[in-house]
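Keep the viewer open as you go.

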Amino acid sequence: MVRIVRSEITKITTLPSVWITAVALFFVFLFFQYQVFGVYSELAAGFREGALTETYVAEELQESVEASIFNPGILLVLLGAIIAGSEFKAGQFGMSVVAVPNRRKLLVAKFIAASLYVFILTLVWFVVAAAFVYFGAQGVSTELISAVDLLPGFFRLLLFMIAFTLFPLGFTLIARRTLFGVVSSMVLIMLTMVQVVAIMSPKVDAFLPLSAARNLLLQGTDNPVPLTGTSLQGGLVLLGWVIISAVGAVVVLMRRDAR
């Protein structure tokens with residue numbers, strides 16, 4: 001199994017389309033960091049002048065780190081769809097099945113490899129975001145928050161980013177079309193953004209992936225749109241989307257030919 005996962009990681013890291021998408025998403029991420037950089041400076045100035053309390057500034061800095069990664073992280077659905085879609089170009093999936101006849105192991109390895117790839121991506125984004133906080137807050141951040149304080153946020157973001165990569169990956173494997181993975185994922189995201197489902201039933205809205213991500217990451221923050229569930233519920237829903245898409249991909253691709 002380790003060898004299969006290693007080969008899938010090699011495949012992911014050598015695909016030009018994946019690199020292009022990852023780099024493009026990183027620049028989008030940097031844009032969001034640039035936007036909140038001034039907020040960090042204002043918080044630091046307010047703290048030094050005594051206008052803002054230590055607790056308030058510390059909470060705002062931590063929440064800003066998560067929010068500045070959450071917003072561009074939504075676009076990770078593109079990365080997941082592209083990783084999966086590469087399997088069906090020029091008969092690549094057939095070649096993969098020849099190398100690994102056990103399709104169940106092949107697909108599990110693909111999900112594991114994609115998770116490891118996103119783990120590295122999340123770590124890079126988080127370190128860069130923390131650096132923006134450090135320089136933007138002019139050293140105040142180190143007085144108020146430590147690396148330990150940031151760990152819970154990192155793990156929440158990791159779950160979010162992995163989920164938003166894996167469920168589109170599963171959709172794409174089921175349909176064998178990159179476009180289907182992108183469009184279906186974006187439709188689910190838009191249902192939350194336009195609040196169509198939330199107006200009719202907040203309980204149902206809580207089961208949409210973006211609503212679950214908001215519930216997971218944005219508890220206690222100033223949101224113009226009310227949250228529809230708890231942080232724990234949000235995390236479980238995201239895991240559910242990953243499991244459903246993964247099981248669906250295994251069931252469908254076990255029944256189809258490899259061409």
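Which residues does Phe-160 touch, not counting residues up to four places away in sequence? With contact meaning heavy atoms within 4.5 Å, Phe-160 touches Ile-69, Phe-70, Gly-73, Ile-74, Ala-213, Leu-216, Leu-217 and Leu-238.

Phe-160 is also among the residues with the most contacts inside the largest nonpolar core, together with Ile-69 and Phe-164. That core has 70 residues, and its largest share, 14 residues, comes from α8. A nonpolar core here is a set of buried Ala, Val, Leu, Ile, Met, Phe, Trp, Tyr and Cys residues joined through side-chain atoms within 4.5 Å; buried means under 20% relative accessible area, exposed over 50%, and partly exposed in between (1.4 Å probe, protein chains only). Helices are DSSP runs (H or I, at least four residues), numbered from the N terminus.

## Salt bridges

The structure holds three salt bridges, each a side-chain nitrogen of Lys or Arg within 4 Å of a carboxyl oxygen of Asp or Glu. Glu-8 pairs with Lys-11 (3.1 Å, N to O) and with Lys-110 (2.7 Å, N to O). Glu-8 lies in helix α1 and Lys-110 in helix α6, so this pair ties together parts 102 residues apart in sequence.

Arg-156 forms a salt bridge with Glu-66. Arg-156 is partly exposed at 26%, whereas Glu-66 is buried at 9%.

## About the model

This is a predicted model: local features need pLDDT of at least 70, side-chain atom pairs count only at pLDDT 80 or more, and totals for chains, interfaces and linings use all residues. Residues are numbered from 1 along each chain as its sequence is written, and side-chain values use heavy atoms, leaving out hydrogens and water.

Key. Helix = DSSP H or I, 4+ residues; strand = E, 2+ residues; numbered from the N terminus.
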